[in-house]
Amino acid sequence: MSLQIIVNGLATGSVYALIATGFSLIFNVLKFSNFSHGALMTLSAFSGYFVAAQSGLGLVPTILVAVVTGALVALAGEFVAFRRITLNNSSPVYFFVSSITLGTMFEGIITVKVGANFYNYPQFFQNSTIKFGGVVISTSDLLMFFCSVITLLILAYILQKTRQGRGLRSVSFDRDTASLMGINVTRTIQFTFIVSGALAGLAGVFLGINYTLYPTLGSLVVKGFIASVIGGLGSLTGAIIGAVLLGFMETILISLVGSGYTPVFTFLLMLVFLLVRPSGIAGSNIQEKA
Amino acid sequence: MTLYLSILTQILITVVAVCGVYVLTGLTGMFSLGQAAFMAVGSYASGILVVKCGFPFWLACILAVLIAVVIGYLVGFPTVRLRRDYISLVTLGFGEAITALLNRATKLTGGASGFIGIPRKTTFLLALVSAIAAIAIVSWFKTSKYGRQCIAVRGDELAAKAMGINVPKIKMNAFLLSVAVTAFSGCLYAFFITYVDPTIFGWKKSADWVIMVFFGGVNSLTGSVVGAFILSGLPEVLRSLDQYRSIIYAILVLLIINFKPSGIFGEWELSPRNLKALGEKLAKRSRKEEKTDGAA
Amino acid sequence: MALLEVKNISKSFGGLKAIQDFSLEAEAGEIHGIIGPNGAGKTTIFNVISGVYTADEGSVTLKGKDITKMEQYLITREGMGRTFQNIRLFKGLTVLENVLCAFDPQSKYGIVGGLLPTPKRLSEEKRGREICEQYLELVGMADYKNERPENLAYGKQRRVEIARALTCHPKVLLLDEPAAGLNPTEVSELTDLIQRLSVDIGFAILLIEHRLELVMSISHKIHVQNFGKTIAVGTPDEVRQNPEVIEAYLGKEE
C-alpha cells in the first residue's frame, strides 16, 4: 500500500469517524438509529456558511457557528421529536418515524432557503497542498485529520472521566437503573443530543470543504452508518475503527474502479461483512432483553 | 379534465407503493429507507426490457418485479436475522448504491440525464385497477396467517419465537412482498411519466412513504391508503406551497406522533362489519343527544 | 429415557454464573416446581431449556432428541410450550388472534393462500379457529375471544397466555410465575387449572413460582435454587424438612 493511500484513507476515515460517533452516541443511549443526523450536518454546515464564512470570517468562526448550531438544533429536535416518546416508553418504531420526519424537515428548511443551488466555502488556506517527502497532502485533509483526532480524544475524556460522561454510559447501559441511582435521565439524554449535534456540525463543515454545499449533502451520513455497522452497532470504538477501515476501503476502491462505482462496492462489502460477522468488529451485539 | 386524471393516476401509483410500505412498516414494524430504490429497479428494469429488448409491457412488468424480488432477497438475507435497525441502515446503503449504479451505467440507463423514450402504457384505468388489486392483496395478506405472524413479530420477537414462529422467514416474506408491490408501482410510474432519472428515487421518497403510512395510522391499511391520498394529493392542490411541502408534512407527523401516536385511523379498517359498528355507534350517540335535548 | 432430560447445564453472563450444573428429568404427567429467591437463575433455566439462550455446558434432550443447540422456534415445534413472567401477549391482535399465532406455524397453506382467499386457506383458517377456541374454552376464556388482551385483567391475560402455549401442542409446558399478580381466588382457580391440564393433556409441567403453597400443593418434585446452584431436590415433604432450604429460602430460624 502506497503512503499516499494511507494518508488519503486516514483523512477520509477521520471525517467518517466523526459522523459515526455522533450517530452511535444516540444509538447507545436511546437504542435507535437517528436518521436526522445527516440533515443536521447539512443544516449546521449551511449555517456556518451563511453566518460566518460568507462574511469572510474564516475557518474557526465557521466551525464554531456550525458546532453551536448543530448542538442547539439537536437539543430542540430532542424536545419536539423524541421527548414524549421517550417518556411514554413508546415502541421503537416511533423513534424511527420521528427521526425520519425530523430529517425531512431539516432538509425542507434548507431547500426553502437555498433551493437546489450549490455553494462553496471560500478558500480557507493559502497553500492548498503540502508536499511531504513524496506524498502530497491537502491542507484541508491535514486539518480534518487533526481536528477529528483531537475531538475524538476530548470525547473519550468526557465519556470516561466526567460526571456527565459516566451518567451517559450508565443511562445507555440501563436507563431504569440509572434513574434509580439518582441520575437525571432527561438531562443526560439532552447532553447526548448536544454532543452528537456538535459532532454533526463539525462533520458538516468538513464535508462542505471536501465536496460542495448542497441540500442533500447529508446523505453522506450513510458512510457513518456503514462504518457503525462494520464496527458493530452500539460500540463507539467499533464505529471509529469501522470508519477508518471504510476510509481505506474507499480510497483503494476509488483507485481501482473509480469514484462512481465505489458506493456499489462498499455496499456489497458491507453485506458480505454482515454475513460473515454480523456483530461487527467490536463484536458488540445488543440483545433484546429476554 | 385530463389534468385531473393525470394527477389522480399519479396518486394511485403512490397508493400502490404505499401498500408495499404498509406491509413492511405497518404490519411488521420494519423500516426500509431504500424502498424507493426498489421502485427504481422496477422502473428501469421494465423500461429497459421494453425499450431495448422489445419485450411486451406486461411481460416486462413481471420480469422487473421478479428482478426486484431477487435483489431484495440478497439485501434482506444478511439482515433479517439481526436487530431491526440493520434493515433500515442496509436499505439506505442500498439506495445510495443503486443511485450510483444508475448514474454510472450510462449505456444501459442513460446515466444522470435519465432514461427517456419509454412508451406511455399506464392509463388511469390501469392505475386504478392496480391500486385496487394492491389493496386487496395486501388486506388478504394482513388477515392471513402471515399477516398475523407479522403483527406478532412486530410486537414481540422473543415471544413470537417461543410460539414456533420462524421470525427471520416472516420478516423476509414481508420484505419481499413489499419489494414486489413497490417495484410494480415503479413499472406503472415509468410507463406513465415515460422518463425516469436517478434523483427521483432517493431516501426522501422512501421517507415520504413511511410518513404517509404513519399519518393514516400505522396499524391500519385503510389509514395508509387515505394517508397516501391526502399527502400526495395535497401538493397538487396547493401548488404554490410546493417548496414548503416537506416541512408541512413533517410538522403534521410530529404533531400526530406527539399527540395521537396511533395516527388518524388507529387500528380501524374499512370493512362492512366495522362500518356497521360505526354506524350503530353514531346512531346511538345522536339518539343520546336527542334525549338530552328533549330533557332540556 | 425420560421425556425431558436436562443434564448438568451451566450458563454465565460475563462473570455472573446464572446457572451451575442444573439437572432435571421429567416424565409425562409430572409437575416439577422450581423455587428459590430472586436472582437464583430460575428464569434463566427456562430460557436455556426453551432455546432463548444456548447453554455453555450440559445438554437438553426432549423425547430422546438433543435440542441443546437448536433454534428457539424449532424447539417450540418439537413440543416445548412456555409462558412468561411478565406477560408477553401480542399487541394489536385480539385474544383469539393471539392464540392463532401459535397455530399459524402449523397451518398448512402456502404463500398463494397468504395473498388470496383460496379454499385451502379458508379450511385451514377454520380448523385453526376451532382448535384455538377449544383451548380458550379449556382455560375458560372463550367468552373473551374478540377482546383485546390489554383490556383484560391480569389473571385473564395469564389464562390467554396458557391457551396460547397449549396451542403449540407441547410435550413439556414451562410456566414462569403464573400466579404473580393474582388475587387469592384467582390463584386457587389457576391451581385447579394447572392440575386439570396436567391430568387431561398429560404433558410434563415445569413451574417457577414464588407462592410456596401453590408449588408445594401440586408439584411431584421440587428443585430449590439459590445463587445459580441447586441446593435441594425432592418431594415437597422432603424439601420442606431440608435445613439448607429452610435457611436459604425461609431465612435462618433464630
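Figure 1. Chain A carries 14 positive and 7 negative side chains, and the centres of the two sets lie 8 Å apart.

**Figure 2. Fold and overall dimensions of chain A.** Eleven helices and two strands make up the secondary structure of chain A, in the order α-α-α-α-β-β-α-α-α-α-α-α-α. Helices (H or I, at least four residues) and strands (E, at least two) are DSSP runs numbered from the N terminus. The C-alpha trace of chain A spans about 60 × 45 × 35 Å along its principal axes. The radius of gyration of chain A is 19 Å, which agrees with the value near 19 Å for a compact globule of 290 residues; this radius is taken over C-alpha atoms, and the globule rule is 2.2 Å times the number of residues to the power 0.38.

**Figure 3. Burial and surface of chain A.** Of the 290 residues of chain A, 54% are buried, where buried means under 20% relative accessible area, exposed over 50% and partly exposed in between (1.4 Å probe, protein chains only). The accessible surface of chain A is about 12,300 Å², and carbon and sulfur atoms contribute 65% of that surface. Areas come from the Shrake-Rupley method with a 1.4 Å probe; for residues, only the protein chains shown count as cover.

**Figure 4. The aromatic pair B:Phe38 and B:Phe94.** The whole structure holds 29 aromatic pairs over all chains. In this one the ring centres are 4.7 Å apart and the planes meet at 25°, so the pair is stacked. Rings of Phe, Tyr and Trp (its six-membered ring) pair if their centres lie within 6.5 Å; planes under 30 degrees apart are stacked, over 60 edge-to-face and the rest tilted. B:Phe38 belongs to helix 2 (residues 35-51) of chain B and B:Phe94 to helix 4 (residues 84-104) of chain B, so the pair ties together parts 56 residues apart in sequence. B:Phe38 is buried at 0% relative accessible area, and B:Phe94 is buried at 4%.

**Figure 5. An aromatic cluster with residues of chains A and B.** The cluster consists of A:Phe23, A:Phe27, A:Phe35, A:Tyr94, A:Phe96, A:Phe225, B:Phe31 and B:Phe214.

Residues are numbered from 1 along each chain as its sequence is written, and chains are lettered from A and ligands numbered from 1 in the order in which they are written. In this predicted model, local features need pLDDT of at least 70 and side-chain atom pairs count only at pLDDT 80 or more, while totals for chains, interfaces and linings use all residues; side-chain values use heavy atoms, with hydrogens and water left out.

How values were computed:
Lys and Arg count as positive and Asp and Glu as negative; His and the chain ends are not counted. The place of a charge is taken as NZ of Lys, CZ of Arg, CG of Asp or CD of Glu.
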